[in-house]
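Hi there,

Here is the structure I promised to pass on to you. Please open it alongside this email, and my notes on what was found follow just below.

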Amino acid sequence: MVSNPWIYILVAAAVTYLIRVLPLTLIKKPIENKFIKSFLFYVPYVTLAVMTFPAILGATGEPIYGLLALIAGIIAAWLGANLFIVAVLCCAVVFIAEMII
């Protein structure tokens, strides 16, 4: 049981603040290491994928429907479809799968 939720909020705020401020204060010169630059470049994409992937599988009645929509979305995006088309296609795949299966 949480006795004082403000403590948790303050700790979360402090950790978030430190994670964002420490690199700015500790790193004074430009980063030239290619590995570190590429790592930092892909961090937002990986974070988004990690947050989105479980939601895709859990948003439907059965995880298999979400998996079918994910596969269809990946194929459509790979073939160059824009975000709107991919989203509509994924919704249609889930709708049809729930109606048929």
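Let me begin with the pocket lining: by class, the largest pocket is lined by 13 nonpolar, 3 polar and no charged residues. In that count, Ala, Val, Leu, Ile, Met, Phe, Trp, Tyr, Cys and Pro are nonpolar, Asp, Glu, Lys and Arg are charged, and the others, Gly among them, are polar. Before going on, please note that this is a predicted model, in which local features need pLDDT of at least 70, side-chain atom pairs count only at pLDDT 80 or more, and totals for chains, interfaces and linings use all residues. Residues are numbered from 1 along each chain as its sequence is written, and side-chain values use heavy atoms, with hydrogens and water left out.

The largest pocket has a volume of about 320 Å³. A pocket here is an open set of points, on a 1 Å grid over the protein atoms alone, where a 1.4 Å probe fits, with protein on both sides within 12 Å along at least five of seven lines; lining residues have an atom within 4 Å of a point. Grid points are joined across faces, edges and corners, and the volume is the space filled by probe spheres set on the points. Of the 16 lining residues, Ile56, Ala69, Val86, Ala87 and Cys90 are the closest to the pocket's centre. Helices H2 (34–58), H3 (63–78) and H4 (83–100) each supply at least two residues of this lining.

Now for the chain as a whole. The protein chain has 4 helices and 0 strands, where helices (H or I, at least four residues) and strands (E, at least two) are DSSP runs numbered from the N terminus. Its radius of gyration, taken over C-alpha atoms, is 20 Å, while a compact globule of 101 residues would have one near 13 Å. That globule rule is 2.2 Å times the number of residues to the power 0.38. Along the principal axes, the C-alpha atoms fill a box of roughly 55 × 45 × 20 Å. Of the 101 residues, 13% count as buried; buried means under 20% relative accessible area, exposed over 50%, and partly exposed in between (1.4 Å probe, protein chains only).

A few residues are worth a look. Ala69 lies in helix H3 and is buried at 5% relative accessibility. Phe95 is in helix H4 and is exposed at 53%. For Phe95 and Val46, 49 residues apart along the chain, the C-alpha separation is 28 Å.

Lastly, the cysteines. The count comes to 0 disulfides, a disulfide being a pair of cysteine sulfur atoms within 2.5 Å. Cys90 is in no disulfide, and the nearest cysteine sulfur, that of Cys91, is 7.0 Å away. Cys90 is buried, at 18% relative accessible area, whereas Cys91 is exposed, at 54%.

Best wishes
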